[in-house]
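User: Hi! I have a protein structure open and would like to learn how to read it. Could you walk me through some features?

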Amino acid sequence: HAAFLRRLLASAGPALPWASADGVDDDGADYKIVPAPRQSDVLNRTRLCTYTRRAPVEVVSFFLRESVSFLNRYKSRRGTPEALASFEALRASCAELQKLDVRHLDDDSRLAFWLNAHNLGVLLACGKAVATGAQLCRSLFKLSLGWSKSWFSLLRKTSLDIGGRVFTLTEIEHLVLRRTTPNLGVVSPGYFLLPRYDAHDPRTKVFLRRPEPMLSFGLFYPICFGGVALRCFQAATVHEQLLCNAAQQLAETIFLDGDKKIRLPQLPFQFYRDDFGGSPTSCLQFAHRILQDVCPDSMACRDLNSIASFEDHPIVFHPTDWTADIDNLKCLD
């Protein structure tokens, strides 16, 4: 592997060659991981992968489930030597992502892959906190609680090497997944800190090529209230999985309050309302269609059915509780 290591050492930061099947070792193994020549802050660069024969969605799905298993196993043993050793083994195995070639995936496979990759990065970031005994996130974006303890900060600092290129979790959502889908509004927290699209960025080869307004229902955060279920997305069923997540979240978070105001979840409808028509009323109409189709017997659907006109009805957004909660994690199909 001397030629591979020379290329790596000569490269600057994320600008590694795109992964490919050229020069794959023929020793019968599905993949091979070797020691890294230097330490890195990238979560999955503590080791190097020289090749893999496994499919991208298969690999990222496998490590997504492994991350859930790690968190469930060590959440009550945070900061112990056993937790740290197990986490280091997990992130070393995730080096396999370095040799995944996402460029030739079809649109549904690409969507499933990047949703899983984002959620894997979130779980690995939480796993690192568990392994080291660090505090988990307590807010989305609030300086009064400490910038370093916010999800926004964590997502900007956490990165993965995928196919020889480095992506922060913020870049995975706001560049890769939302390249052709509306992004955060100007009034949203952190809007001016988001990465901007650059046509000369070589990573554009793996960005989503078509809009996906449902993608907010696939981005998982282990939080107390207002998030979506964690799923292992597959290309053949990714749209049905997103629909199930949407129906479940809406059924749990939409209700009429004592003043007969309709309360919609802040995430996604306040932050990403352009995905659903751009106005509170269009967001409500979207939610009502989903509930009628998937959860017609839910309390949320019955509440909305009782309203004569959405146009004249007061609508408010209730906040998401971004306090991290890693109890009872499970990964659905």
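Analyst: Gladly! Keep in mind that this is a predicted model.

User: Which residues of helix 7 are buried?

Analyst: Here is the general idea to start with. An α-helix has 3.6 residues a turn, so residues three or four places apart point the same way. Now the case here: the buried residues of helix 7 are V238, Q241, L242, N245, A246, A247, Q249, L250 and T253.

User: What does helix 7 lie across?

Analyst: Helix 7 lies across strand 6, strand 7 and strand 8, and runs at about 140° to strand 7. Those strands form an open sheet in the order 6-7-8, with mixed pairing. Strand 6 (255–256) and strand 8 (315–318) are the edge strands, each pairing on one side only. Strand 6 and strand 7 (residues 262–265) run antiparallel and are joined by two bridges. In strand 7, I262 is the bridge partner of L256.

User: How do I read the angle where helix 4 and helix 7 cross?

Analyst: Angles under 35 degrees count as roughly parallel, over 145 as roughly antiparallel, 65 to 115 as roughly perpendicular, and the rest as oblique. The axes of helix 4 (residues 107–132) and helix 7 (residues 238–253) come within 10 Å and cross at roughly 45°, which means that helix 4 is oblique to helix 7. Helix 4 contributes D108, L111, A112 and L115 to the contact, while helix 7 contributes V238, H239 and L242. Sorted by class, this contact has five nonpolar, one polar and one charged residues.

User: What about helix 2 and helix 3: at what angle do they pack?

Analyst: Helix 2 (residues 56–74) and helix 3 (residues 81–93) pack at an angle of about 175°, with their axes 11 Å apart. Helix 2 is therefore roughly antiparallel to helix 3. The contact includes F63 and F70 of helix 2 and F87 and L90 of helix 3. Its residues divide into six nonpolar, three polar and three charged.

User: And a residue in a loop? Where is T204?

Analyst: T204 sits in the loop between helix 6 (169–177) and strand 5 (223–225). T204 has a relative accessible area of 23%, so T204 is partly exposed. Leaving out residues up to four places away in sequence, T204 touches Y197, D198 and A199. T204 and R179 are 25 residues apart in sequence, and their C-alpha atoms are 8.9 Å apart in space.

Methods. Residues numbered from 1 in each chain as written. Predicted model: local features only at pLDDT ≥ 70, side-chain atom pairs only at ≥ 80, totals over all residues. Heavy atoms only, no water. Axes fitted to C-alpha atoms, helices over the stretch in contact; angles between N-to-C directions. Helix = DSSP H or I, 4+ residues; strand = E, 2+ residues; numbered from the N terminus. Contact = heavy atoms within 4.5 Å. Nonpolar A, V, L, I, M, F, W, Y, C, P; charged D, E, K, R; others polar. Buried < 20%, exposed > 50% of the residue type's maximum accessible area, 1.4 Å probe, protein only. Pairing = 2+ DSSP bridges.
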